[in-house]
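I opened the notebook to record what I looked up in this model, going from the overall picture to single residues.

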Amino acid sequence: MRPGVSMVSQHVVEFTAFAVLIAAAAMVGYAGLARDDSAAQQQTGRDYGLQLAAGRIQRDFTASQVSISGFGLSGRSARLPPVGKSRVDFTVELARLQRDAPRGLRGLVTTQGRDGTQLFAIAARIARLPPDSTLARRLASGATSIAVSFYAANSRTQETIAADITRLTAANKHSLRVGLVWSAAAIAATVLLVLLLAFSTARSVTRPLRSLTADVRRLTSGEHADRVKLAGSAEVREVAESVNAMADENDRLRGQEQEHARLRALAREAGVRIRELSSAEDILGAASTAITQCVHSDLAVLRLIEDEHPRYADCARKDWLPVNFLTDKSAHFDQWARGLLATQSSSVIQDIRGQEGEILPPSIRDPLLRYGVVSHIATPFGIGSEVYGIVELERVQPGNPWMPAEIDCLQSIAADIGRGLKQARMYEAENHLVEQLKNLNQTKTDFFATVSKELRAPLTSIEGYLEMLRDEDAGPVTAAQERMLETVGRNAVRLRNLFEDLFTLSKIESEASQTVLHPVNLLDVVRDAAGVLEPSVAGTGLSLTVTCPDGSLVVNGDVSQLDRVVMNLLSNAAKFTSPGGRIRLTVARDGDTAVLSVSDTGIGIPEKDKGGLFGRLFRGSNAVQRSIPGTGLGLAIVSTIVAEHGGDVAVQSTEGVGSTFTVRLPLLPAGTQVASLSTGSVPLSSEPQQPNAVR
């Protein structure tokens, strides 16, 4: 098969040739057979006619000879009349023999004609002679020799004709066999030729198909650069061209996917960098760098809506386009930008010179056209329906449209810009709020410290004069006056406790507090605090039980502050427990944690008050109802000190049953050198403190 020829056309040609060859072979065979048969039929018909004519002249001769013989025997001329008719028939058939006889039979035909002529002449003479004439009898007897000659010639003639018929029949059969053999040979040759052509056609088809199959397998196995060779029939070549076109399209799609994946990776990296930043300026700078790296453009403008001037990304040709073309917003800019932001999409114009560029406002389109911009894309960024700004990219090269991967990458970066700016603004607002809260807290702390400090001197003077009055330095004191002085004294103590708590809390929370932590044996602190408060607790009719393990529990802490924690918790338990109640102070080890708990059988804490229990100036509702005095700062001080020591404090309480406060502090490794109780900050007061209402 010739390369490039259609398989169908080739098959049509081959089968047409096959049909023509078969028809030609059949026609040639048929023509030969027909010719031979026609010749044989003609020859055989002539021979049969000669044989018939020979038989008829023999019949006519015999009839005349029998009439003459009967005349000779009977002598009656009545037997001669049939001779006349036989003579006429004899003459007709003899003329046919003479006309159609072949050269080899003409002598025999002549002999028969001569003998017949003689016989009929004798019959005529006898017919003219009188009956029973001697001459007539002699003539009749002489006809015998003529008959012998005639019969001999006629017999030879018929034998020759019969032999010729037999020969022609055999020759005809031979010709038929030969014709059939040659026809079969011609048909066989034609069939063989067709088979050869079919084999050649199949080979010319299967070979390119095998090559095509191998190439397709290589393509599907990953050899994407391979291509199918164009060979074989037109149909095979068409399939090969289709496979190559499909491979080219797959390469193009694969390239687009790889580029898309690369841009997605760059966009993700840019998003991570943007989200890690907390400054709006840093975010915009990182976004400009990312846009330049990810999307090629001749100009990239990134502008916040509230900015007076746009920001340029680091790309070429910054000076050829005026910057004010972005500041001229159309009347529908906000609605247009919010619509794009809501759908996370972009305004993409591949050719602003065409009809699609007419959607741009003239204030933007005209400068772009004037400076040769061809492709334009705008992507707003923000959060929700709030538009923070817009990114616009321009290209001046025709035939370089924005690809879907580039559009997706730009939209991803724009979304990250919006999230980053939102986070930065929230961070800035939070920092501003934190700074305000810090300033407020510092103002409050300074106020508490100032108040507690400034009120100490008047309170000290009051307490001094109160003491002088009770000692009767100014004269005798009546019983009523003594009761009034006791009331003044109690309230003075309450004020001093309040001032001390305020001063302690402000000192702990202020940055000026120089708390130095040292390894401290918590058991020593607990024993000392319990020893200080035990007399006053026993004086109110309460029992105090202290349970400490053997050895030591070393924590990193400030002795005075830890002492304050134990004192406040014990004072709290004593204040809110009725006479006859029990207080239990327990210290134990729980793994690498020291656990200090103070339990009482006091009034307990209402469930609704537990949430604000460690807040400043908070007092339980049942304590207020019972008019139990207190500052509401004790537990706040405990919570602050424990937090500074890396621990935590918790409470379990049932109203009317009692409360348990648990403090957990991290332990130092065994063998740590323990500081003495005098190490660290100096205690606020070396005198035993009175039980103080803390809740």
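**Overview and confidence**

I began with the secondary structure and found 14 helices and 12 strands in the chain. The model is predicted, and I therefore turned to the confidence scores before reading any detail. The mean pLDDT of the chain is 76, and 78% of the residues reach at least 70. Among the elements, strand 2 (residues 311–312) has the lowest mean pLDDT, at 56, whereas strand 10 (residues 593–600) has the highest, at 92.

Of the contacts with a separation of 6 or more, 71% are between residues 24 or more positions apart.

**Helix 5 against helix 6**

At what angle do helix 5 and helix 6 pack? Helix 5 (residues 234–276) and helix 6 (residues 280–294) pack at about 170°, and their axes are 10 Å apart. Since angles over 145 degrees count as roughly antiparallel, helix 5 and helix 6 are therefore described as roughly antiparallel to each other. On the helix 5 side, I listed R262, L263, L266, A267, A270, R273 and I274 as making the contact, and on the helix 6 side I283, A286, A287, A290, Q293 and C294. Sorted by class, this contact of helix 5 with helix 6 has 10 nonpolar, 1 polar and 2 charged residues.

Next I traced an open sheet of 5 strands, whose order is 7-9-10-12-11 and whose pairing is mixed. Which strands stand at the edges? They are strand 7 (543–547) and strand 11 (648–654), and each has a single partner strand, so one side of each is left without a neighbour in the sheet. From one strand to the next, the twist averages 15°.

I also checked which helices pack on this sheet. Helix 11 (residues 522–539) touches strand 7, strand 9 (582–590) and strand 10, and its direction makes about 180° with that of strand 9. Helix 12 (residues 559–575) packs on the sheet too, touching strand 7, strand 9, strand 10 and strand 12, and its direction makes about 25° with that of strand 10.

**Strand 12 and its partners**

Strand 10 and strand 12 run antiparallel and are joined by 8 bridges; in this pairing I noted that D600 has S659 in strand 12 as its bridge partner. Strand 11 and strand 12 (residues 658–666) are likewise paired in the antiparallel sense, over 7 bridges.

I followed the chain from strand 11 into strand 12 and found a hairpin with 3 residues between the two strands, where G656 in the turn has a positive phi of about 85°.

**Single residues**

I looked up Q344 for its backbone: its phi is positive, about 50°, although Q344 is not a glycine. Q344 is in the loop between helix 7 (333–342) and strand 3 (347–349). With buried meaning under 20% and exposed over 50%, Q344 counts as partly exposed because its relative accessibility is 47%.

I then placed T91 in helix 2 (residues 81–100), where T91 is partly exposed at a relative accessible area of 47%. The C-alpha atoms of T91 and G113 are separated by 8.3 Å, and the two residues are 22 residues apart along the chain.

My last entry is E467, which lies in helix 9 (residues 404–470) and is partly exposed, with a relative accessible area of 45%. Between the C-alpha atoms of E467 and L485, which are 18 residues apart along the chain, I noted a separation of 9.0 Å.

Technical notes: Residues are numbered from 1 along each chain as its sequence is written. This is a predicted model: local features need pLDDT of at least 70, side-chain atom pairs count only at pLDDT 80 or more; totals for chains, interfaces and linings use all residues. Side-chain values use heavy atoms; hydrogens and water are left out. Axes are lines fitted to C-alpha atoms, for helices over the stretch in contact, and angles run from 0 to 180 degrees between N-to-C directions. Helices (H or I, at least four residues) and strands (E, at least two) are DSSP runs, numbered from the N terminus. Angles under 35 degrees count as roughly parallel, over 145 as roughly antiparallel, 65 to 115 as roughly perpendicular and the rest as oblique. Contact means heavy atoms within 4.5 Å. Ala, Val, Leu, Ile, Met, Phe, Trp, Tyr, Cys and Pro count as nonpolar, Asp, Glu, Lys and Arg as charged, and the others, Gly among them, as polar. pLDDT is the predictor's confidence in each residue, from 0 to 100. Two strands pair if DSSP finds at least two bridges between them. Buried means under 20% relative accessible area, exposed over 50%, partly exposed in between (1.4 Å probe, protein chains only).
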